Amino acid sequence: MTKGRILVAMFGTDQHELGAVAVAGLLRDNGFEVVYLGRFQTPQTIVQSALDEDVDIIGISCHSWEFLDYVPELMALLAEHRVDAPVVLGGSVITTEDAQAMMVHGVTSVFGSASRSETILETISALATQRRARVGVG
Amino acid sequence: MIMGPEWQKLLSALRRGDRRALSRLISLVEARVPGWQNAMHDVFAAMARASVVGITGSPGSGKSTLTGRVALEFSKRGRMVGIIAIDPTSPFSGGAILGDRIRMTDLNRHGVYLRSMATRGARGGLSRATRDTVRILAAFGFDLILIETVGAGQDEVDVLDVADIILVTAIPGQGDSLQAIKAGIMEIADIFIVNKADRPGADTVAADIRAMLRVTRGGARSQGAATILKTVATTGAGVPEVIDALVERLAAAPSGNMESTEAEIREVVEMINAQLCEDFWNLSGAEDELRRHVGAYSRVDPYELSSEILPEGLMREALACVRARRGR
């Protein structure tokens, strides 16, 4: 059994991978299985991976501003494909205003640069447990 | 909770080629959600045999890249290809990084299905649910299934029971290359691949493998000699020869290794063992007793304690009761 399967990816040409790697390690060290897609992902590749891997949460690491364009596209594609997995964003460049705008598009949680590991873990745990109960896996 | 009709809906959808149902079914079976055994019974009845190729080798030897290339090529040749990529679960945290998708980015466009799985405590290189996943993929309609697995150590040999053909990858520059590909898989692999062959030492690795094979091939599964090939998986160099070697071997012994007598026996034994353990601990309340005892005393005699929890003769008595009740 696992606490949850969490997808971690970065959009487009965002090269700053250390944050994603750090969070992946944090999740792994706390009992999660991380489906790590890494860099150069598009909404299409993320949706396909989320479906094929039946992940519990879709996590996007954002360290440059292309997420502002990609996220709405991702949310629309997820809705079109009826993917039942919440989306969370994390990253150093996300302002409060950006976070609000993204949540209007349907993003569930946003972790800005001041986020603490404990908060990230609590949120991920809760979301994963809820999603797994919903689909009957856990 | 998954109720009977929901399982049925998923199974029908699976047989209709619904990829979401495929994905969900794998999750439910992997998580051993109640009803999974009946579902697998259905799957088993519905499936046609698929050819299974195991790809194993030490970390960093290019397994994922090679697996991706092999999958793409067979997909272009008209086979329906599924991949199971297995990574180790941390024995400390129970978590895992499943990172094989990074190396296989082109697959989506060609209809190849890739599922990442963690070993979740299983020790033989596969997870408990790998065989189930192979069968679910076969029932969906995949006719070639690649299993990419951790390590190539002496104990990581579960893939032998599941795969019809086994590839082992090795790379130059890993010190004593014989150590990197020692006993176990080494003894029965069908195709050896020296990847990253553009690096110095590739020929030495190939020569070492040849020398090792001369000594150890007594237990070889396959008829005929093992094949040794050189590749640079990232550029694709040498991959056509790998495909040719696979095509040849697939034609000779297409599928069905999971149904060899010994493999079937081992599988049933494993399932019964898993069920026995689960039942015993769930029904006896022994874990709580154990924890209480260990917590209360500073020095515990494990021999005494284990025979208290599981007294000698318990099983014999239990089986006798059951037989008596059933009137045998």
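Trainee: Let me start with chain A. What makes strand β1 (residues 5-11) of chain A mostly covered?

Mentor: This is a predicted model, and the label comes from a count. Seven of the seven residues of β1(A) are buried.

Trainee: Which residues of β1(A) are buried on one side, and which on the other?

Mentor: A:R5, A:L7, A:A9 and A:F11 lie on one side. A:I6, A:V8 and A:M10 lie on the other. All are buried, so both faces of β1(A) are covered.

Trainee: How do you know that β1(A) and β2(A) pair?

Mentor: Pairing takes at least two bridges. β1(A) and β2(A) have six, in the parallel sense. Therefore they count as paired. One bridge partner to look up is A:Q41 in β2(A), which goes with A:F11.

Trainee: And what makes β1(A) and strand β3 (residues 57-61) of chain A a pair?

Mentor: The test is again at least two bridges. Here there are four, also parallel. A:V8 has A:G59 in β3(A) as its bridge partner.

Trainee: Which elements make the β-α-β unit, and which hand does it have?

Mentor: The unit consists of β1(A), α1(A) and β2(A). It is right-handed.

Trainee: Why is A:D54 called buried?

Mentor: Count the C-beta atoms. A:D54 has 23 others within 10 Å. The cut-off is 20 or more, so A:D54 is buried. This residue is in the loop between α2 and β3 of chain A.

Trainee: What is the phi of A:D54?

Mentor: It is near 50°. That is a positive value in a residue other than glycine.

Trainee: Now the interface. How many residues of chain A are in contact with chain B?

Mentor: 25 residues of chain A are in contact with 27 residues of chain B. The elements of chain A that give two or more residues to this side are α1 (18-29), β2 (33-41) and α2 (43-53). By class, the side has ten nonpolar, nine polar and six charged residues.

Trainee: How do you know that a strand of chain A pairs with a strand of chain B?

Mentor: Look at β2(A) and strand β3 (residues 96-98) of chain B. They share three bridges in the parallel sense. At least two are needed, so this is a pair across the two chains. A:V34 has B:I97 in β3(B) as its bridge partner.

Trainee: What is the strand order of the seven-stranded sheet in chain B?

Mentor: The order is β4-β2-β5-β1-β6-β7-β8, with parallel pairing. The sheet is open.

Trainee: Why do β4 (113-118) and β8 (227-230) of chain B count as edges?

Mentor: Each has a single partner strand, so one side of each is left without a neighbour in the sheet.

Trainee: What makes β7(B) a partner of both β6(B) and β8(B)?

Mentor: Check each set of bridges. Strand β6 (residues 165-170) and strand β7 (residues 191-194) of chain B have four, in the parallel sense. β7(B) and β8(B) also pair in the parallel sense over four. Both sets pass the cut-off of at least two, so both count as pairs. Bridge partners include B:L167 with B:I191 and B:I193 with B:L229.

Trainee: Which way do the residues of β7(B) point?

Mentor: B:I191 and B:I193 point one way, B:F192 and B:V194 the other. All are buried.

Trainee: Why is B:N195 called buried?

Mentor: B:N195 has 28 other C-beta atoms within 10 Å. The cut-off is 20 or more, so the label holds. Beyond its neighbours within four places in sequence, its contacts include B:S61, B:T169 and B:A233. B:A233 is 38 residues away along the chain, yet the two C-alpha atoms are 6.5 Å apart.

Trainee: And B:K196: buried or exposed?

Mentor: B:K196 has 22 C-beta neighbours inside 10 Å, so it counts as buried. It lies in the loop between β7 and α9 of chain B.

Note on methods. Residues are numbered from 1 along each chain as its sequence is written. Chains are lettered from A and ligands numbered from 1 in the order in which they are written. This is a predicted model: local features need pLDDT of at least 70, side-chain atom pairs count only at pLDDT 80 or more; totals for chains, interfaces and linings use all residues. Two residues are in contact if their C-beta atoms, placed from the backbone, lie within 7 Å. Ala, Val, Leu, Ile, Met, Phe, Trp, Tyr, Cys and Pro count as nonpolar, Asp, Glu, Lys and Arg as charged, and the others, Gly among them, as polar. A residue is buried if 20 or more other C-beta atoms lie within 10 Å of its own, exposed if 12 or fewer, and partly exposed in between; C-beta atoms are placed from the backbone. A crossover is right-handed if, with the strands pointing away from the viewer, the path from the first strand over the helix to the second runs clockwise.
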